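Have your viewer ready and load the model. We will go from one selection to the next, with a short note on what is there at each stop.

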Amino acid sequence: MSAILILWFALSVLCDVFGQLCFKIGADRLPSAGSLLGKARAVPSNPWLVAGLCIYALEIFVWLKILSVAPLSIAFPIASLNFLGVTLASATILGEKVGRAQWIGACLVTLGVAIVAGTA
């Protein structure tokens with residue numbers, strides 16, 4: 001696997017992690033009462049949700065670049081590094097409590113990614 005492809009994967013995972021953080025912060029700031037339609041109407045005025053959507057739009061193009069040079073059977077498992085990234089970010093940035101089982105699961109996913117990436 002080339003260094004450039006590794007950088008593309010890193011950018012993809014970072015986009016996913018930061019997009020999820022934006023979505024979580026934005027979701028926490030939505031009105032708790034109301035219909036789904038009311039919440040949907042609140043999205044454009046919520047800068048966190050708009051940022052999350054923009055980050056995900058960028059990630060689409062990063063993912064397309066990755067898929068143009070890497071087999072999907074390799075790319076998709078590597079992209080699951082976001083499990084560890086989101087777990088770390090939720091614990092460190094959002095201050096969420098992450099249990100032992102969650103850490104073990106995230107680490108096992110990461111181990112699986114390492115095995116798949118080693119076959120590339």
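Predicted model: local features only at pLDDT ≥ 70, side-chain atom pairs only at ≥ 80, totals over all residues.

## First stop: an exposed isoleucine

Select Ile115: this residue is exposed, with a relative accessible area of 56% (exposed means over 50%, buried under 20% and partly exposed in between, with a 1.4 Å probe and protein chains only). Ile115 is found in helix α6, residues 100-118 (helices are DSSP runs of H or I with at least four residues, strands are runs of E with at least two, and both are numbered from the N terminus).

Residues are numbered from 1 along each chain as its sequence is written, and side-chain values use heavy atoms, with hydrogens and water left out.

## Zoom out: the whole chain

Show the cartoon and you will find six helices and zero strands. The C-alpha atoms fill a box of roughly 50 × 35 × 20 Å along the principal axes. Of the 120 residues, 29% are buried. The accessible surface comes to about 7500 Å², and carbon and sulfur atoms own 74% of that (areas are from the Shrake-Rupley method with a 1.4 Å probe; for residues, only the protein chains shown count as cover).

Next, colour by pLDDT, the predictor's confidence in each residue from 0 to 100. The chain has a mean of 90, and 99% of its residues reach 70 or more. Confidence is lowest in helix α2 (residues 36-42), with a mean of 84, and highest in helix α3 (residues 47-69), at 96.

## Back to α6: Val116

Select Val116, which also lies in helix α6. At 22% relative accessibility, this valine counts as partly exposed. Leaving aside neighbours within four places in sequence, Val116 is in contact (heavy atoms within 4.5 Å) with Ser73, Ile74 and Pro77. Phe76 is 40 residues away from Val116 along the chain, yet their C-alpha atoms are separated by 9.8 Å.

## The loop between α2 and α3

Which residue of this loop is buried, and which is exposed? Select Asn46 and Ser45, both in the loop between α2 and α3. Asn46 is the buried one, at 7% relative accessibility, whereas Ser45 is exposed at 61%.

A polar atom of the Asn46 side chain lies 3.0 Å from the backbone oxygen of Gly26. Beyond its neighbours within four places in sequence, Asn46 is in contact with Gly26, Arg29 and Leu30. For Ser45, look at Ala42: its backbone oxygen lies 3.0 Å from a polar atom of the serine side chain.

## Last stop: the salt bridge

How many salt bridges does the structure hold? There is one (a side-chain nitrogen of Lys or Arg within 4 Å of a carboxyl oxygen of Asp or Glu). Select Asp28 and Lys24 to see this pair, whose closest N and O atoms are 3.0 Å apart. Both residues lie in helix α1 (residues 3-28), four residues apart, about one turn of the helix. Asp28 is exposed at 52% relative accessibility, while Lys24 is partly exposed at 34%.

Terms used: Polar contact = N/O pair within 3.5 Å; in protein donor to acceptor, adjacent residues only side chain to side chain.
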